[in-house]
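This report goes through selected features of the model shown below.

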Amino acid sequence: MSSRALRRLKGKQRGQEAIDIGDLKLNSEEAEGAELEKEKDEELDEVSQPAKASSSRRAKKSKSQKNISNIYELIGEVDNDVDKSPTDEESVLAARSPEESRVSHELPKQDTETPKSDGDGKLNNKKKKKRKKKKPAGDVQEESGAGDDIDVLLETIKNTNGLSHQSEDSGAPGRRPVLYVEHRNLNPENELKRYFGARAVLRDQKPRQRQRQYHRSTWMTTPKDTWPRFSRPGISMSLLESKDGLQFFVFEHSRDYQQVQFKFFDAVESMDPNNIVVLLQLNPYHVDSLLQLSDVCRVQEDQETARDLIERALYSFECAFHPVFSLNSGTSRLDYRRPENRAFYLAVYKHMMFLEKRGCPRTALEYCKLILSLDPDNDPLCMLLLIDFLCLRCREYASLIQLYEEWEVHRNLSQLPNFAFSVALACYHLSQQEETTSDESQRMNVKSDIMLQEALIMFPGVLMPLLDLCTVQPDAAVSSHAFFGPKSRLGQAPALTELEGLYVGRCHSLWKEAGVMLWMEGNVREVLKRVDSQDPLVDDCQNKRKQRYQSAPRNIHRHVLLSEIKEATSTLPLEVTTQPVMSYDPLPPLDSIMSYTRPERQNARASNQSTLSLLFRSLLPNFNLQGGQRPEDDLEVARAGRELNQEVNRLMVAMRDMLANIQFQEPQQEDNPDRDEEEWD
């Protein structure tokens, strides 16, 4: 083989060889040795021998494989040799130390100075194109910094789109808004990985990755291969208006989806779940059918199917999101008065409750903040009655205290029993943490005592039911005292009893710890001393209880129905319990905004009548089962109905007389009992 062919072969190998990141981790002596070896290779002339060329190739190969610990990196190197752009290389080099970057900048420079033959023109053209694509070092560092952290990248995207939300009550400039939603916390698998490890969570998913189909990337749910093939169900989202930095959206139903919705109403009225199942077989992503059937499965103790149906409904909604709609910006609004938007609220709420029961309170808290951020002023599902429980469950004590401090001014959160007790409990837990300094711990301890005493004075009806559910026998001095005794709840407002029952039924498990009970016992004794000493705060709180809590708003009743806590549902007023409640739309707002209405059924009048009434009406000459009666026939129908009633009354009188006059005569007995049967007439 000629020396020219060897030179061409050697140059081609050196040109196609990509810069390995592992080679950049050399110390200063190895870097200088690599430079000397590179200079010796460049000084090779046409008289170089094949053996020397092959030995240098083996040395380079052994050096490139020295830092490879994973066999899959070899596959990545082959792909990177062909597809790797100079921008990726420069972004990696920019993040290295100055000494390593000096080595990495000298290596390409030496490659460009290597003499090339005329036959290798394609490679020279490729290097010229690479030199044209080079960017300044500052841009490269910005790109590498944004690519390292996904949170920084998401923050950059939000800033570019102009959707970064700064709350009015954001507090300190270094803290995030209280309703800030993190995308990574919307996935329950991330929380389960922190508890059990990634290997245990992903163990069941690895065998299914080979048969995995392509699905759209979503944040709230992960599509499953067992789901029906997704096709547009007819739901879309449109932007109504943008005002004061807020975007107001609405879900819309197509004409075909409206027809399916009308069939769903008929299936619900039939009171047969099989009709909903048949409807879902034809329309597998109809949201209201999924919500209704999920409740049926949950009642039948099929929790897995119920949760799967809710996730499918969420996936249908997320595929219909508007491009500007954002889950974590805090500027997207959905009006609950529109029936199309209510299904999204309910789907997220039910998904949140499944996550909490599954043991993912941190993920459930993120969905709770999402629901609250969609309409924080009206709060249609009253998430303020739940967010404190989730914060305590996932030990986000600082977030709960921040929410209370920022919203107390304009929302009066201290007038809700759940915030009055939960914030005091959060302060107590913060004072017991090891990472808290001694001064901060003492301050939080004093604050927790003051807040718990004020909560007990404002809501004395919470103590005895709470101790009862915690299976704690109260002291005789406490149970016999008039302030905490049974008489304290007799003259209480129904709305306040509903709120207290909701908090006790939901949060009693948080008070079962021995240390918490000791802390509670000490503060109860202090409250009794303040009551006996006639503290003016006691009379003030009593006047507030009498003036307020006269009637609970509709969203609180809706929240109680969705929570299904028996301590709270038993206190609902009659106007709520006597009306029918549909699980797909519980207690709809009285000022609903209807975009379309259900057409009246033509045979509605006939369907409301009994079978006997239909039988008699069929005798009329103008009877039509499919269509209703015509307006011009109303008089004739009324006259015929009166005549029919008269005839029926006459017939009934005649039948009554006939039955009354029927007499059964007994046969006469003769004196000759031995007469044959043939002699009987």
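A salt bridge is counted here where a side-chain nitrogen of Lys or Arg lies within 4 Å of a carboxyl oxygen of Asp or Glu. The structure is a predicted model, in which local features need pLDDT of at least 70, side-chain atom pairs count only at pLDDT 80 or more, and totals for chains, interfaces and linings use all residues. Residues are numbered from 1 along each chain as its sequence is written, and side-chain values use heavy atoms, with hydrogens and water left out.

**Salt bridges**

Side chains of opposite charge can pair when their charged atoms come close. Under the stated rule the model has 24 salt bridges.

| Pair | Closest N and O atoms |
|---|---|
| Arg362 and Glu396 | 3.4 Å |
| Lys529 and Glu526 | 3.9 Å |
| Asp535 and Arg530 | 2.9 Å |

Secondary structure is named from DSSP runs numbered from the N terminus: helices are H or I runs of at least four residues, and strands are E runs of at least two. For accessibility, buried means under 20% relative accessible area, exposed means over 50%, and partly exposed lies in between (1.4 Å probe, protein chains only).

The bridge between Arg362 and Glu396 links distant parts of the chain, the two residues being 34 residues apart. Arg362 belongs to helix 17 (residues 361–374), while Glu396 sits in the loop between helix 18 (387–393) and helix 19 (397–411). Arg362 is buried, at 14% relative accessibility, and Glu396 is partly exposed, at 24%.

Lys529 and Glu526 both belong to helix 25 (residues 514–532), where they are three residues apart, about one turn of the helix. Lys529 has a relative accessibility of 54% and therefore counts as exposed.

In the pair of Asp535 and Arg530, Asp535 is buried with a relative accessible area of 18%, and Arg530 is partly exposed at 22%.

Salt bridges also join Lys224, Glu304, Arg307, Asp308 and Glu311 into a network.

**Helix packing**

Two packed helices are described by the angle between their axes and the distance between the axes. The axes are lines fitted to C-alpha atoms, for helices over the stretch in contact, and the angles run from 0 to 180 degrees between N-to-C directions. Angles under 35 degrees count as roughly parallel, over 145 as roughly antiparallel, 65 to 115 as roughly perpendicular, and the rest as oblique. A crossing is left-handed if the near helix is turned anticlockwise from the far one by less than a right angle, and right-handed if clockwise. Contact means heavy atoms within 4.5 Å.

The axes of helix 15 (residues 303–318) and helix 16 approach within 9 Å and cross at roughly 140°. Helix 15 is therefore oblique to helix 16, and the crossing is left-handed. Residues of helix 15 in this packing include Arg307, Ile310 and Leu314, and those of helix 16 include Phe344, Ala347 and His351.

Helix 16 (residues 339–358) also holds Glu356, which is buried at 14% relative accessibility. Apart from its neighbours within four places in sequence, Glu356 contacts Ala364, Phe389, Leu390 and Arg393.

For helix 19 and helix 20, the axes come within 9 Å and cross at roughly 135°. This angle makes helix 19 oblique to helix 20, and the crossing is left-handed. Among the residues that meet are Tyr397, Ile401 and Tyr404 in helix 19, and Phe419, Val423 and Cys427 in helix 20.

Helix 20 (residues 417–432) has 16 residues and spans 23 Å from its first C-alpha to its last, close to the expected 22 Å. The expected span is 1.5 Å times one less than the number of residues. Helix 24 (residues 494–507) has 14 residues and reaches 20 Å, close to the expected 20 Å. Helix 24 is mostly covered, with 13 of its 14 residues buried.

**Positive phi values**

Asp244 has a phi near 55°, a positive value in a residue other than glycine. Asp244 lies in the loop between strand 1 (235–243) and strand 2 (246–253) and is exposed at 76% relative accessibility.

Cys382 is likewise a residue other than glycine with a positive phi, near 55°. Its place is in the loop between helix 17 and helix 18, and Cys382 is buried, with a relative accessible area of 8%.
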